[in-house]
Amino acid sequence: MQKINGIASGLLVIALGAGAGAMAAESTSSQTPEAEELRYPGEKHLTHIRQLTFGGQNAEAYFSFDGSELIFQSTRDNLECDAIFRMDADGNNVRMVSSGKGVTTCSFIAPDNQSIIYASTHLAGDQCPPKPDYSQGYVWPLYKDYDIFRAGPEGDNLVRLTDTPGYDAEAVYSPLGDKIIFTSVRTGDLELFTMNPDGSEVEQLTNEPGYDGGAFFSRDGQWIVWRASRPQGKALEDYQHLLKQGLIRPGQLEIFIMNLEERKPIQLTDNGAANFGPYWHPDGKHIIFSSNMHNPKGRNFDLFLINVETRKIEQVTHYPDFDGFPMFSHDGKKLVFASNRNGKVKGETNVFMVDWRW
């Protein structure tokens, strides 16, 4: 899920070439723009918009269980690829909690705030992994050296949780704290798995050809939502050919949900677009996600809300570039997401916080 080199945030790269757009006022770290300057017409669910980061590439910001902090990945300052950072929910007290070695992605805070998890390649070397060869078109790399690690709240006492050949990443805790869900290529395909917080009792959840990843639990821990590709024919051959090279081609991802007792995947979207970053609203009736469904071959990603029962989809953001990686706070009162809005340079991506209203 890393912005340049991984699965989920690879979708962010699609947005980088389009530019950051223009706003009524520029901002600096010492001058936060007013909320109305950050909101676009039609964004009726978003109030009191706050920009929390300023400059660089910042994405995948996820709340602590009590909503007081965020953990996120960022390429900033002298970093050449993503490291993991924490900050207060108002954007203050930013500090790096990974080593700064290798590349990291997909961080999450345990419900009891006693540990964090993230994926990292640091055991394979201190340097950032090389970017993929684009001679086969636009592809994302599946770095085989990605493994999932658990650490203390500030990155101390690092423990390796996965130790299998190939990609292990995209891990999050259950709201109950009893399970971690993650994506792995250990079976030869990209599937979803669960494990205990100590890495034991690994269990496979999906088993269909195609990519399954970026899963999140519902507030009660009984359901998951994720993005998946289900290629067929020549598209499946292309997928499997690239997978053997440690690559995957983006473009078509649909949103699925599944009850963890019944284990029967339910497809929610079917629009042929790049739908990703789904997250449950605490009411269990709605899911927010990012999509370029109005521009399937383009760079304009917005946030959308889907009613799980009716399948009705409502557009939430209207910024004409990239909005993605949304997460509701556990009380449903706040929403955090990444966006190119108000960027000072082309492709700049920052973290934004809003108060949510129905």
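These notebook entries follow what I looked up about a sheet and the cysteines in this structure.

**Ground rules.** I worked with a predicted model, in which local features need pLDDT of at least 70 and side-chain atom pairs count only at pLDDT 80 or more, while totals for chains, interfaces and linings use all residues. Residues are numbered from 1 along each chain as its sequence is written, and side-chain values use heavy atoms, with hydrogens and water left out.

**The sheet.** I looked up the strands (DSSP runs of E, at least two residues, numbered from the N terminus) and their pairing, which needs at least two DSSP bridges between two strands. I found four strands in an open, antiparallel sheet with the order 2-3-4-5. Its edges are strand 2 (57–63) and strand 5 (95–96), each of which pairs on one side only. Strand 2 is joined to strand 3 (residues 69–75) by five bridges, and I noted that alanine 59 has glutamine 73 of strand 3 as its bridge partner.

**The cysteines.** I then searched for disulfides, meaning pairs of cysteine sulfur atoms within 2.5 Å, and the count came to one. Cysteine 81 is joined to cysteine 128, with 2.1 Å from S to S. Cysteine 81 sits in the loop between strand 3 and strand 4 (83–88) and cysteine 128 in the loop between strand 7 (116–120) and strand 8 (140–141), so the pair ties together parts 47 residues apart in sequence. The torsion about their S-S bond is about -90°, so I recorded the disulfide as left-handed.

**Accessibility.** For relative accessible area (1.4 Å probe, protein chains only), buried means under 20%, exposed over 50%, and partly exposed in between. Cysteine 81 is buried at 6%, whereas cysteine 128 is partly exposed at 26%. Cysteine 106 is buried at 1%, and its sulfur lies 14 Å from the closest cysteine sulfur, that of cysteine 81, too far for a bond.
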